[in-house]
Amino acid sequence: MVNDKTLVFGKEFNTEIERKKYFREELRLKLPELKLLDGFPIGSDEDILNLSDPPFYTACPNPWINDFIKEWEIEKQQLEIQGKRRSDFKIDEPYAFNISEGKNNPVYMAHSYHTKVPHPAIMRYILHYTQPGDVIFDGFAGTGMTGVAASICANPDAELKHNIELENKNVVWGKRNAICNDLSPVASFIAYNYNNSLIQKKIEEIEKTIDKIEKEFSWLYNTKHSDNKSFGTINNVIWSEIFNCTNCNHSFTFWEAAVDRNSNVILNEFKCTHCDSKYQKNNISPEFETVFNIETQESVTKLKLQPVLINYTISGKRYEKIPDNDDFNLLEQINNIKVNNNDLHSIYSGDEIGRLSKHGINNIRELIFRRARIVFDALQKEMGFDITFLITASAQNSSLLYRFRLNGKGGTTSGTYYICSTPQENNVFNSLKAKFRDIKKAFKLIKTEQLVSTGSATNNPIDENSIDYIFTDPPFGANLMYSELNLVMETWLGVITNSNTEAIANKFQHKNLYDYQELMHASFKEYYRILKPGKWMTVEFSNTSAAVWNSIQTSLQNAGFVIANVTDLDKKQVSFKAITTATAVKQDLAISCYKPSDIFDKKFRENQNSNIGVWDFIEEHLQHLPVHVLIEKATLGIIERTPKILFDRLIAFYVQRSLPVPIDAGIFQQGLRERFIERDGMFFTNEQVQEFDKKKGENPEFIQMSLFVNNEQDSIFWLRNQLEKSEKTESELHPLWMKEVVSNIRKGDLLPEMRIILEENFLKQDNGKWIVPDMTNEIQLEKIKVIRHLKLFETYKDQSIRPQGRIKEVRVEALRTGFKQCYQDKDFKTIVTIGDKIPNNLLMEDEVLLQFYDIASSRI
């Protein structure tokens, strides 16, 4: 990719206009084939072509990606000659540091989006896993922060460079090449603008266009001052819902009844301003009105809103006033101006967008205040898509979603189409100019270009084994309805999201959590296909649901990835849904996983039917786990190195390859202790344990691996931790058991009495105290436990075949044992039959059960 873009794929162009024209015609010829791909956006060919800047950005799947990758591979050779790359570069350990990175930087502030990882956080992963010239992919790129991070690796500011070098002594600065893809046309459009240094050439023209349109339409925001002689400029207008009193039949505004500015409160209970009848919002309905829509030439019913307060400026001083007749006359004049009302953006049924129809909004553009719509239309008419980035950045703050707040700090509520009772209409020119200042600051940092594509992560045109590293922030279950929420911005593009392959749980799209998992599996399978063997992927996870967490883990492992580590990624800002959810987590999580190397894959295939394959995998996997993690000068326990998790990873690895698991848990633990070295309940190779011992000696304080006990397997691990500290009697354990274990057990999970779990997993001494068994006894206990579990599993089989029979409670460990045995016996039907009869939360929240069920479902 050449900076001046006069030479592209060996073809020389005299101007950017000439280059765009040539490649748009090439793209036109390719559109029929591209339309066959999942996720091809909804819009006319002309709108897609006009929005695109090929070959660097296409508002559809980008057919030139492999051409760029071939050029980048050639560039790598030159970088090696220059000493900027190493041919033997290899990363064995994941990035194992918790990241805390704020959002208060120009790039982050320039354009809002529902979710966004700050680019300095992504840079830390990129600089760990890659070297200059490497090819990075993000299939759920959103606003393209992965591309920004890859670019700024070449030109970080002094403070950021200093901070990262303190953390990573081996950092090698230099540009990485990123491919940013997203299903949403507006997301990829924003990503294109963030990753296009040439946009800086348009800055002066954009500024002149804003000034020109403001001079033409400044009258939209005129209001008469109290002296009745001079006019001020409106800063904002507060609108209010209107209610009708069921007692006296008079109308009154929510503003006058419930907003007490003297006491600075909004009342939960308020009175009718005519008869003092008491109401709350949940027992009185707002008024609606029938109006004539001049665009559609139809009468429509919509929520009745009334302007109640105008904040304006005159001679540099702010004032407030109640709207007068001149203000109402101006509004009537504005309502008679026709605006663009594209039918493509009619409101449809949806989990979030359905809220709008309750307000009488039938077209997404009606969500934008009419004054702002007039200005946006004029800006686009003047400058086309070159100014649309500024419009989409300003759309939310120019809509009914913007809330009045008594503290003067109004704003929108992220992730929802919630319209409050007192929306605030802002002067769109103030919003545009404020956002333009943010954009100018951000674009000063953008010095290189990255590649942008629009399409589904479930299929893409990238050749297999082409990508050096993947960073991705996918959707998470029903957290956010991206296609619905993006419509308010996509209306200004003329191209909207094709939601057929949108990876969300959404009842209106007839997608449940299992459908979501299937789409994530298809996406991760594509990621696995295009990633080079031996390379890494980082998945940013943000959800409080155990079921979604297991869906992600199952999807990753079924695609072939091996999970190596999970760390905190603190973005220093919580969303609306996070702070109002009882089970909310404070930080996002970063999942590090890898694609096994070709050398290991060949070695494993040779030994996959013997126990040699088991230990080949464990040794390979241990090499990919962090050796020592330091938290505030203390050594942190690494849960991925525990027998429980190592065995789960082993099962996932074998099941994904449709192989029988040739070892049980007891034999596995014996072999683990015979072949590897244990420290603090964790296992290491001979080489690794020397490094761990040295670093732990320097940081002897040890932080035990955190464990939230909510199932039998966790409770066994919890008891083991207790008994490893000191042998205890049942009476000594029981109070702790009741507090830490019993209160957290999942609904439908039949947890045995503590005594039964002790008898099945531990040894009781003559003095009545329980201890952790030695290896010989542990193997014997495991054999007895498996027999008991399989016997109990037979009762579940009997229950599952009864007509209409549901299994309300199950012992999950018995199910795990039974599912594993059915898998070994290729009895996939029994797995699915029982899986369909047990409580859905148990299936979706247990990693092992879900994996067996998922594989079995594909076999029958």
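Helices (H or I, at least four residues) and strands (E, at least two) are DSSP runs, numbered from the N terminus. The model shown here is predicted, so local features need pLDDT of at least 70 and side-chain atom pairs count only at pLDDT 80 or more, while totals for chains, interfaces and linings use all residues. Residues are numbered from 1 along each chain as its sequence is written, and side-chain values use heavy atoms, with hydrogens and water left out.

**View 1. A cis peptide bond joins Pro-54 to Pro-55.** Omega of this bond is near 5°. Pro-55 belongs to the loop between helix H2 (45-51) and helix H3 (65-81).

View 2. Phe-9 is not a glycine, yet its phi is positive, near 55°. Its place is the loop between strand E1 (7-8) and strand E2 (11-12). With a relative accessible area of 29%, Phe-9 is partly exposed; here buried means under 20% relative accessible area, exposed over 50%, and partly exposed in between (1.4 Å probe, protein chains only). Gln-297, also not a glycine, has a positive phi of about 60°. You will find Gln-297 in the loop between strand E13 (288-293) and strand E14 (298-303), partly exposed at 48% relative accessibility.

**View 3. Asp-386 and Lys-202 meet in a salt bridge.** A salt bridge is a side-chain nitrogen of Lys or Arg within 4 Å of a carboxyl oxygen of Asp or Glu, and the closest N and O atoms of this pair are 3.3 Å apart. Asp-386 lies in the loop between helix H13 (370-383) and helix H14 (388-395), and Lys-202 in the loop between helix H8 (185-194) and helix H9 (203-217), so the pair ties together parts that are 184 residues apart in sequence. Asp-386 is partly exposed at 27% relative accessibility, and Lys-202 is partly exposed at 26%. Across the whole structure, a search finds 49 salt bridges.

**View 4. Arg-365 takes part in a salt bridge and also sits over a ring.** The side chains of Arg-365 and Asp-377 form a salt bridge at 3.5 Å, N to O. Asp-377 lies in helix H13 and Arg-365 in the loop between helix H12 (354-357) and H13, so the pair ties together parts that are 12 residues apart in sequence. Both residues, Asp-377 and Arg-365, are buried. The charged end of Arg-365 is over the ring of Trp-492, 4.1 Å from its centre; a charge sits over a ring if NZ of Lys or CZ of Arg is within 6 Å of the ring centre and within 35 degrees of the ring normal.

**View 5. Strands E15 and E16 form a hairpin.** Strand E15 (residues 305-314) and strand E16 (residues 317-321) pair in the antiparallel sense over five bridges; two strands pair if DSSP finds at least two bridges between them. Two residues lie between the strands, and Ser-315 in the turn has a positive phi of about 55°. Asn-311 has Glu-320 in E16 as its bridge partner. Lys-321 forms a salt bridge with Asp-327, the closest N and O atoms being 3.0 Å apart, and both Asp-327 and Lys-321 are buried.

**View 6. Phe-252 and Phe-270 form an edge-to-face ring pair.** Rings of Phe, Tyr and Trp (its six-membered ring) pair if their centres lie within 6.5 Å; planes under 30 degrees apart count as stacked, over 60 as edge-to-face and the rest as tilted. By this rule the count comes to 47 aromatic pairs. The ring centres of Phe-252 and Phe-270 are 6.4 Å apart with their planes at 65°, so the pair is edge-to-face. It links distant parts of the chain, with Phe-252 in strand E8 (residues 251-253) and Phe-270 in strand E11 (residues 269-271), 18 residues apart. Phe-252 and Phe-270 are buried.

**View 7. Trp-255 and Phe-404 also pair edge-to-face.** Their rings are 5.2 Å apart centre to centre, with 65° between the planes. Trp-255 is in helix H10 (residues 254-258) and Phe-404 in the loop between H14 and strand E17 (424-426), a link between distant parts of the chain, 149 residues apart. Both Trp-255 and Phe-404 are buried.
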